[in-house]
Amino acid sequence: AAGIDIPDNVDLYDIGNATWPRDDVIKPAFNILINAETPKATHFRICRVLAEHCGDPAAADTERGDKVARGAAWQLLLQRYGADAGALIAAIKARHEPIAQAFGSGAGLRLQRIDSDMVLRVIADLLRQGIPALPIHDEILAPATKAGQLCEAMETALQRVKNMLSRKALKPTAFLAK
């Protein structure tokens, strides 16, 4: 949606910093950044990722007890890991400066919804043609003899989304209704 082409050989989780491990810290932090709807939620959740990585039992306390106890646990994580979380967020934003404004905005969730709507559109088109299809994560299985119809349905769904995005009508429910 940002119009940025990313070469296949680029590791989006490589932020040029060996302080944090890629899979246990950077990857979940990146995904939190792109999916969380507010900067505050982003910061708290990344504190939890850091706590879990360090084996801090306080991370589990954010899900236990009443609202007051959970709030206290979150505050404890913020005290312990807030500075590191801030540094990690800054490093990821610096690495991905062209899309940094999307972090903490819920953009990832909106894009996932658009992707899901596209899959539903393709499946519906194929079923109307009597073609069995099965969505599996980010793929659609259909009989090999129907590959042409599958590709056509996918192109149609993609063009519909491109048109929607070009009109800046970022309302996935409008896509589903058409």
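Here are some friendly notes on the helices of this predicted model and on a few of their residues.

1. **Ground rules.** In this predicted model, local features need pLDDT of at least 70 and side-chain atom pairs count only at pLDDT 80 or more, while totals for chains, interfaces and linings use all residues. Residues are numbered from 1 along each chain as its sequence is written, and side-chain values use heavy atoms, with hydrogens and water left out.

2. **Helix H2.** Let's start with H2 (39–53); helices here are DSSP runs of H or I with at least four residues, numbered from the N terminus. H2 has 15 residues and reaches 21 Å from its first C-alpha to its last, close to the 21 Å expected at 1.5 Å a residue; the expected span is 1.5 Å times one less than the number of residues. Its buried residues are Ala-41, Thr-42, Phe-44, Ile-46, Cys-47, Arg-48, Val-49, Leu-50 and Ala-51. Buried means under 20% relative accessible area, exposed over 50%, and partly exposed in between (1.4 Å probe, protein chains only). Helix H1 (22–35) and H3 are included in what covers these residues. Just after H2, Gly-55 takes a positive phi of about 75 degrees.

3. **H2 against H3.** The two helices pack at an angle of about 95 degrees, with their axes 7 Å apart. Axes are lines fitted to C-alpha atoms, for helices over the stretch in contact, and angles run from 0 to 180 degrees between N-to-C directions. That angle makes H2 roughly perpendicular to H3, a label for 65 to 115 degrees. Contact means heavy atoms within 4.5 Å. Residues of H2 that meet H3 include Phe-44, Cys-47 and Leu-50, and the H3 side includes Trp-74, Leu-78 and Tyr-81.

4. **Tyr-81 and Asp-56.** This pair deserves a look on your screen. Tyr-81 is found in helix H3 and is buried, with a relative accessible area of 11%. Asp-56 lies in the loop between H2 and H3 (67–95), and it counts as buried because its relative accessibility is 13%. A polar contact of 2.7 Å joins their side chains; such a contact is a pair of N or O atoms within 3.5 Å, where, within protein, one must be able to donate a hydrogen and the other to accept it, and residues adjacent in sequence count only if both atoms are side-chain atoms. The side chain of Asp-56 also reaches the backbone nitrogen of Ala-58 at 2.8 Å. Leaving out residues up to four places away in sequence, Asp-56 touches Ala-51, Arg-80 and Tyr-81, while Tyr-81 touches Cys-47, Leu-50, Ala-51, Cys-54 and Asp-56.

5. **Arg-110.** This residue sits in helix H4 (residues 107–128). With 39% relative accessibility, Arg-110 counts as partly exposed. Its side chain reaches the backbone oxygen of Ser-105 at 2.8 Å.

6. **Helix H5.** H5 (residues 147–166) has 20 residues and reaches 28 Å from its first C-alpha to its last, close to the 28 Å expected at 1.5 Å a residue. Its buried residues are Leu-150, Ala-153, Ala-157, Val-161 and Met-164. They cover an arc of only 70 degrees around the axis, which puts them on the same side of H5; the arc is that of the directions from the helix axis to the C-beta atoms. An α-helix has 3.6 residues a turn, so residues three or four places apart point the same way. The face of H5 turned away from its buried side carries the exposed residues Glu-152, Glu-155 and Ser-166.

Note on methods. Angles under 35 degrees count as roughly parallel, over 145 as roughly antiparallel, 65 to 115 as roughly perpendicular and the rest as oblique.
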